[in-house]
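I opened a new structure today and kept short notes as I went. Here they are, for anyone meeting it alongside me.

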Amino acid sequence: MLHAEGPLLTVDVGEHETTTTDVDDVLASFVGGRGVATKLAHDRIPFDADPFGPENSLFFTTGPLQMSTMSFTGRMNCTGLSPLTGGLLSSNAGGFLSRNFTGTGYAAVEITGESDDPVAVHVTDDGVEFEEVPELAGATVGETGEYAADEHGFGDDQLAVAGPAGENRVRFAAIMTTEHRAFGRGGLGAVLGGKNVKYVAFAGDSEPDIDVDPVAMDVHREAATADDHPMKKAGTTSVTEYANHVGALPSYYFSELEFDGAADIGGEAVSEKKYKKGTCSQCAFACKLPTRDEETGLETEGPEYETVMAFGSNSGVDDVVSVMKSNDLCDELGMDTISCGDAVAAYLAANDEFGNSDLIHDLVEKIAYREGDGDLLAEGVHRFADDLDVEDWTVKGLEFAAHDGRTLNGQGLAFATSNRGADHMYAEFYSKEYPLVDKDEAVDPEGLDGKPPLIVEKENHNAVLDSGVVCKFSRDFMTEERLEALLDADYDDLQAMGARVVELERHFNNRRGFDRADDALPYDLPGFEDALSEYYEVRGWNDDGTVPDGRISGAASADD
């Protein structure tokens, strides 16, 4: 099985010390990316750790396919204990950071401890440098990038940055890279900022020499020539009008499933603001959305579909420029647009202020700096829902993405089973319930019959992609046979590896108190409990949602 190469570098930002550890056995078993980071986090973070405590760690990892020139490989992974969900969580980001990370020569970098003062960490193939940066306290993502460039010659694509939201421990703060790309979900930016780390820079020329199958060039060529693919023109916003048409677009803080103004904030509206192509490292698919509004001078990247939902339909906003501004503010301040937008939408619902763009933008800034009502909203919907007398639209404390499970019932079940919470990309089951590309693979969105085994298969498959690391938008190009060739392994063996990753996440969360009661939805789906039991049965777990004793080797090592 092809896998990432290199040691684990542990950076203790409290002691300003580093150590390296041979992790060849972990790499051989878990490929790279999310798989390797999950195994390391499971074994090295105490099960009873405080997400904001020095004992929590962040693990940055790439996979073997970052050694290729194949499209869909400009991504990398970050894993840690989430301050939003309280469970183990992985998030991955696109852009150009992954290639700079591989140049350091490390397979994984662990950031642990807690610095007394703001610090920047420079990780290179020549060693690690700690720099006290009190002048960066409160700096935006853009200002931090300017400092790193002026003082050290680092580009934005070499940085993992905690914005003001991360410094202020906003529970859904993101780690930003390449200015507009985010390790978005679950609040890992608050972990980095809570450690008083303003940014981590990666640089070097010591990437390992890994041979990748020539099939990579077939994928790359097809990605480059797929000119009629809707994602190339409008990115993920290409699904907006369709989701609205079938009644799967959350609107007005989840009280409705259709939005009259969808066309004003959807694919065509965003495409009209797109002024050049945008992409990730080595990718010829170029689905990103650099946008500009000529009237206001606003330039940003996006919004993507999920942001269109959160700051558009779910907030009652039908002005694409308003959504662009919300997106840009979140990028500059370092926040997940989905969780932030849903939190704002909840506030608008509580105060009958849907569509108030000025209030929305004011709230985004107040959240990042924990000022006024923003301090409450910064805790996330699960923690403030009772205070505002609104419904708790989360799973495991994570705010809902779009592709509504009340219409796409399999995606609804997948939101519940996801170890990450209400994240659409964990199983990505909506892609089976939208018959947009391959009708032979589509399933009826209504009902749950026959779907639990398919959800297990999709969760395992996505864990493999996240370990490779391969973008999920490769789905029209990345066949099972191609994945086998690229990772030099039988597909069944890869799926078994993906299942181990999911099970490690579940076991870690079980040890923190998670069980069946946490695999719950804020709405009813017919047959849900039976389908949930079937899901556990397929996985070989207990009916209470826990991993059976003895299934995880070394299970006690993290806290005994």
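Predicted model: local features only at pLDDT ≥ 70, side-chain atom pairs only at ≥ 80, totals over all residues.

**A helix on the inside**

I began with helix 18, whose buried residues are N409, G410, Q411, G412, L413, A414, F415, A416 and T417. Buried here means under 20% relative accessible area, exposed means over 50%, and partly exposed lies in between (1.4 Å probe, protein chains only). Helices are DSSP runs of H or I with at least four residues, strands are runs of E with at least two, and both are numbered from the N terminus.

Why is helix 18 largely enclosed by the rest of the structure? I found that 9 of the 9 residues in this helix (residues 409-417) are buried, so the rest of the structure largely encloses it. Its buried residues pack against strand 15 (394-395), helix 19 (430-433), helix 20 (451-468), helix 22 (491-511) and helix 23 (528-539). Contact means heavy atoms within 4.5 Å.

Residues are numbered from 1 along each chain as its sequence is written, and side-chain values use heavy atoms, leaving out hydrogens and water.

I looked up pLDDT, the predictor's confidence in each residue from 0 to 100. Its mean is 96 for the protein, and 98% of the residues reach 70 or more. Over residues 555-560 it stays under 50, and there the model has 13 contacts beyond four places in sequence.

**The cores**

I then turned to the nonpolar cores, sets of buried Ala, Val, Leu, Ile, Met, Phe, Trp, Tyr and Cys residues joined through side-chain atoms within 4.5 Å. The largest has 135 residues, of which F72, M335, V364, I367, F400 and L521 touch the most other members. Not counting residues up to four places away in sequence, L521 touches V395, F400, G412, F415, A416 and F528. I also noted a second, separate core of 27 residues, including V11, L58, V109 and L192.

**One histidine**

My last stop was H382, in helix 17 (residues 381-388). Is H382 buried or partly exposed? With a relative accessible area of 44%, H382 is partly exposed. I see that H382 touches D392, T394, G397 and E399, leaving aside residues up to four places away in sequence. H382 and T394 are 12 residues apart in sequence and 6.3 Å apart in space, C-alpha to C-alpha.
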